[in-house]
Amino acid sequence: MAYNFQNMDEASPASLTDLCLTYVSQNLECFCMKHADGSLCFRDAVLFPQELADQLLAKMAVEGLLNDSTVGVFRNCEYLRLRRAYIRTARISAEAFQRALCPHRLLELDAARVNADLTISDILQGLATNKHCQESLQRLVLTGLTMSSLEEPSRHRFSSLQALRSLSLANVDFYDSGLADLCSLPRLESLDLSNTSVTNLSPLLGLRERLRSLTLHQLKRLEMSTAQLLGVIGQLDVLQHLDISDDKQFTSDVARQLLGQPGILPALVSLDVSGRKQVTDAAVKAFVEERPGMTFVGLLATDAGFSDFLSGEGSLKVTGEANETQICEALRRYSEREGFVREALFHLFSLTHVMEKPRPDILKLVVLGMKNHPATLNVQLAASACVFNLTKQDLAAGMPVRLLGTVTQLLLEAMKTFPNHQQLQKNCLLSLCSDRILQEVPFNRFEAAKLVMQWLCNHEDQNMQRMAVAIISILAAKLSTEQTAQLGAELFIVKQLLHIVRQKATQGVVDATLKFTLSALWNLTDESPTTCRHFIENQGLDLFIKVLESFPSESSIQQKVLGLLNNIAEVGELHVELMVQGFLDHIRSLLHSPEVEVSYFAAGILAHLTSRGEEAWTLSPSLRSSLLEQLHSAILKWLTPECEMVAYRSFNPFFPLLECFHTPGVQLWAAWAMQHVCSKNASRYCSMLLEEGGLQQLEQVQTHPQTHGDVKRLAESILESLHRHRARTGQPAHTHTCRRPPPQPHHRENEAP
């Protein structure tokens, strides 16, 4: 029944139906009003097609949005008619379940792993309130539920569900006393008693003429001998599927004896003996050949499955560990069985070492295991290692973006769940450190940046440190201004990044770690006065002067240092911290650097510091005049760079600089910066400039009587670019500077974790 939204084709766009259901479920309160009890109901009487009502309920459950309030919309059976109710893992009370779902004439109900407050007794009691539902329900999944509360033992029986054909009680404390009641159901064809407390299966003989599917995975308390067990199973004449697998590796020889018993279960088409001892290829082959209609054999964690006959490549599907086909079949069939998922992932990891082509089909199976077992360390550890192998280097480029987004979010959940497990954290960082993932894939980048930053503060591993700061530097450039400010406002983050810079400066080492750390600080101080203040308060300015002195010939280091100091210079209240003769001597020296990228950022610092007028200048007036002259002169000497030096998200902080008519050097720097990016990426920056009212600002500069000729020429050039852009796009003229380093490639570890 299930609405397995995660199994949709991630290579294709989401369907319109799925997008609409997602929007409605995530914005339900916009369409609803509240009853006195807090439950929601639609404002307008909207008649949903029955299939869409089922899908909306399932979507709400999958997205974790189904609760006592939201499930209220399904109380109206006239407009939202449910037939297949999927409420897995939902958090709803017995009362909400009874009022919202039980009035419907359900064919199927999947309530696996709902919250502990909703017991099996509650569900049976709720269903008993609707005679029509009792008569119509054909499939019931109660996996992982509690039979009844201690205060109120169960008074309701399954035998009231006379139409029931399929029932799952896997992982339920279900005892012998209830089995006889079950076996009186007149239409029951499929039964799952996995990991229950049943000790005697003799009542199953009451189903001997109709039971077609029997799942007995890990029956931990069975007290029957092998002969007694086979004596019961052997009489189930129409049985087609039998699962007696066990992932706890019990020593019972039931599988060996079953395989060696001629003529038993002649109708069988599917047999699972995974995890059982004393299973051989020869015995399995003989058993299958005696039943030519067989389509599946489960052999994971046995000694069998290594012959060509059992390869799983043909019509006979096989779970096992002998080859990729068997392992993938195991991940597909056993996605909810923790032990088997762990076993299959362990064997998959060794295969993924040598994969040379993208395999989204396999990655989807790994994702399924991660989703179903988020709190199981061994599953997450093996899965994260497989994810790295499946997405490393160029393999990520061949993976669908939606699939990568899902797996990345699962990696973040694993990092959050197991913060102190070093190998798991390492696996996740290795996978995250991918240009494709960091630049193109949708996931919660703010959460990722916080998690990686927390890891960085708690570990000193040099290789992993390099990757962590690389990830942070790129993520910070992708965050919104508000998120960047929020992240940078955490004092421990700035302290840790400055600590890394201090280490490298002391060692005199220029490496990728230093460069990425400087980029991260550059991005985090962008439009964040609080982060800038943290930087100053933690002796960041002195440290960065030391960096400039330590690496006088490293233009890439100088560019990053000066880019961050531009952000500091934008904060007016911190100007006094920068009014230091020694500091300004360094900046003046770099203003005359032959590297345009270095001179540009040095000029930006001087432009901001001199823009507030003579009254805000605390050093000698002659120094200010000299710096302004040198600023103007240096800008006129710049050659146009071949590529875009810097990325901006807003031109707003440039506009006050354009109004400094008494300091044309300041205006000239702002105009040069705007003209540079507009000429390199007109579609982005001309559009941004128009949206932010830049056309009017530039026209004012162009016509103002005090505008210097050099500034006027640049303003005219930008205006021409804007007019061409408007002519091409038809964009109207509408009546943050976020300086960011351009995206940088970074390296990934080539070795598997």
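Mentor: Let us begin with burial: a residue is called buried when its relative accessible area is under 20%, exposed when it is over 50%, and partly exposed in between, using a 1.4 Å probe and protein chains only. Helices (H or I, at least four residues) and strands (E, at least two) are DSSP runs, numbered from the N terminus. This is a predicted model, in which local features need pLDDT of at least 70 and side-chain atom pairs count only at pLDDT 80 or more, while totals for chains, interfaces and linings use all residues. Residues are numbered from 1 along each chain as its sequence is written, and side-chain values use heavy atoms, with hydrogens and water left out.

Trainee: Which residues of helix H8 are buried?

Mentor: In H8, which covers residues 226-233, the buried ones are Thr226, Leu229, Leu230, Val232 and Ile233. Seen down the helix axis, they fall within an arc of 160° (the arc of the directions from the axis to the C-beta atoms), so they line one face of H8. Among the elements that cover them, with contact meaning heavy atoms within 4.5 Å, are strand S9 (241-243) and helix H9 (254-259).

Trainee: What do the buried residues of H23 pack against?

Mentor: Helix H23 spans residues 529-537, and its buried residues are Thr531, Cys532, His534, Phe535 and Ile536. Their packing partners are the helices H20 (481-488), H21 (491-507), H22 (512-524), H24 (540-550), H25 (555-569) and H26 (575-578). After H23 comes Gln539, whose phi is positive, near 60°.

Trainee: Is Thr215 buried or exposed?

Mentor: Thr215, which lies in strand S8 (residues 213-215), counts as buried because its relative accessibility is 9%. Not counting residues up to four places away in sequence, Thr215 touches Leu191, Asp192, Leu193, Ser194, His241, Asp243 and Arg337.

Trainee: How many residues does the largest nonpolar core have?

Mentor: In soluble globular proteins, nonpolar side chains tend to be buried together. A nonpolar core is a set of buried Ala, Val, Leu, Ile, Met, Phe, Trp, Tyr and Cys residues joined through side-chain atoms within 4.5 Å. The largest one here has 159 residues, and those with the most contacts inside it are Leu345, Phe544, Leu565, Tyr600 and Phe654. Leaving aside neighbours within four places in sequence, Leu345 is in contact with Leu331, Val366, Val379, Ala382, Ala383 and Cys386. A second, separate core of 95 residues includes Phe48, Phe97, Leu124 and Ile244.

Trainee: How many salt bridges does the structure hold?

Mentor: A salt bridge is a side-chain nitrogen of Lys or Arg within 4 Å of a carboxyl oxygen of Asp or Glu, and the structure holds 25 of them. One of them joins the side chains of Asp37 and Arg75, at 2.9 Å from N to O. Asp37 lies in the loop between strands S1 (32-34) and S2 (40-42), and Arg75 in the loop between helix H3 (50-62) and strand S3 (84-86), so the pair ties together parts that are 38 residues apart in sequence. Asp37, at 45% relative accessible area, is partly exposed, and Arg75, at 23%, is partly exposed as well. Asp37 and Arg75 are also linked with Glu95 and Arg99 in a network of salt bridges.

Trainee: Where do Arg332 and Glu329 lie?

Mentor: Both lie in helix H11 (residues 324-333), three residues apart, about one turn of the helix, and their side chains meet in a salt bridge of 3.0 Å, N to O. Arg332 is partly exposed at 45% relative accessibility, whereas Glu329 is buried at 11%.
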